[in-house]
Amino acid sequence: QVQLVESGGGLVQAGGSLSLSCAASGRAFSTYIMAWFRQAPAKEREFVAGIRWSGGSTTYADSVKGRFIISRDNAKNTVSLQMNSLKPEDTAVYYCAAGPQRLGMVPREVYKYTYWGQGTQVTVSS
């Protein structure tokens, strides 16, 4: 039902900013909870941020709270992740994910999301 494609990754110096975008295709984009996950080399995929369909409820991992901002534009079928004050520890492949609205509050578990993008690399140099 939903196909996701991430873009915007790249190389940035520590302290800099980067904005990621996830373009969705398929029906009923606004009925899904959207989230960003990331996976660093030799580490498990971890939750970064999530947002409800209305855009009025957001959830962030403690490691990025205050630095990252997730937003969505249902009219354009996109979800974004604005990353500020980047640290080398933020280096990872970032994935866009979609889960059914029936899950309620934004879940942090990988297995609760139904659709995934291919990922985009973010590298933060020191």
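This is a predicted model: local features need pLDDT of at least 70, side-chain atom pairs count only at pLDDT 80 or more; totals for chains, interfaces and linings use all residues.
**Stop 1: the four-stranded sheet**

Begin with strands β1, β3, β8 and β7. In that order the four strands form an open sheet, and their pairing is antiparallel. β1 and β7 are the edge strands, each pairing on one side only. On average, neighbouring strands of this sheet are turned by 15° against each other, direction ignored. Strands of a sheet pair through backbone hydrogen bonds, either parallel or antiparallel.

Next, select β1, residues 3-7, together with β3; five bridges join these antiparallel strands. For one point of reference, show valine 5: its bridge partner in β3 is alanine 23. Then move to the pair of β3 and β8, which is antiparallel and has six bridges. Here serine 19 has glutamine 82 of β8 as its bridge partner, and cysteine 22 stands opposite valine 79, also in β8.

**Stop 2**

Which of them are buried? Leu18, Leu20, Cys22 and Ala24 point to one face and are buried.

**Stop 3: the disulfide**

A search of the whole structure finds one disulfide. A disulfide is a covalent bond between the sulfur atoms of two cysteines. This pair links distant parts of the chain: cysteine 22 lies in strand β3 and cysteine 96 in strand β9, 74 residues apart. The link is left-handed, with -85° about the S-S bond. Both cysteine 22 and cysteine 96 are buried.

**Stop 4: the nonpolar core**

Now select Trp36, Leu81, Met83 and Tyr94. These residues have the most contacts inside the largest nonpolar core, which has 35 residues. Several strands each supply at least two residues of this core, among them β3 (18-25), β5 (46-51), β9 (92-100) and β11 (120-125). Which strand gives the largest share of this core? The answer is β4, with six residues. In soluble globular proteins, nonpolar side chains tend to be buried together.

Centre the view on methionine 83. Leaving aside residues up to four places away in sequence, methionine 83 touches Gly16, Ser17, Leu18, Leu20, Arg67, Phe68, Tyr94 and Val122.

**Stop 5: aspartate 90**

Finally, select aspartate 90, in the loop between β8 and β9. Is aspartate 90 buried or exposed? Its relative accessible area is 2%, so aspartate 90 counts as buried.

The side chain of aspartate 90 makes a polar contact of 2.9 Å with that of arginine 38 and a polar contact of 2.8 Å with that of arginine 67. Beyond residues up to four places away in sequence, aspartate 90 touches Arg38, Arg67, Phe68, Ser85, Val122 and Val124.

Technical notes: Residues are numbered from 1 along each chain as its sequence is written. Side-chain values use heavy atoms; hydrogens and water are left out. A nonpolar core is a set of buried Ala, Val, Leu, Ile, Met, Phe, Trp, Tyr and Cys residues joined through side-chain atoms within 4.5 Å. Buried means under 20% relative accessible area, exposed over 50%, partly exposed in between (1.4 Å probe, protein chains only). Contact means heavy atoms within 4.5 Å. A polar contact is a pair of N or O atoms within 3.5 Å; within protein, one must be able to donate a hydrogen and the other to accept it, and residues adjacent in sequence count only if both atoms are side-chain atoms. A disulfide is a pair of cysteine sulfur atoms within 2.5 Å. Two strands pair if DSSP finds at least two bridges between them. Axes are lines fitted to C-alpha atoms, for helices over the stretch in contact, and angles run from 0 to 180 degrees between N-to-C directions.
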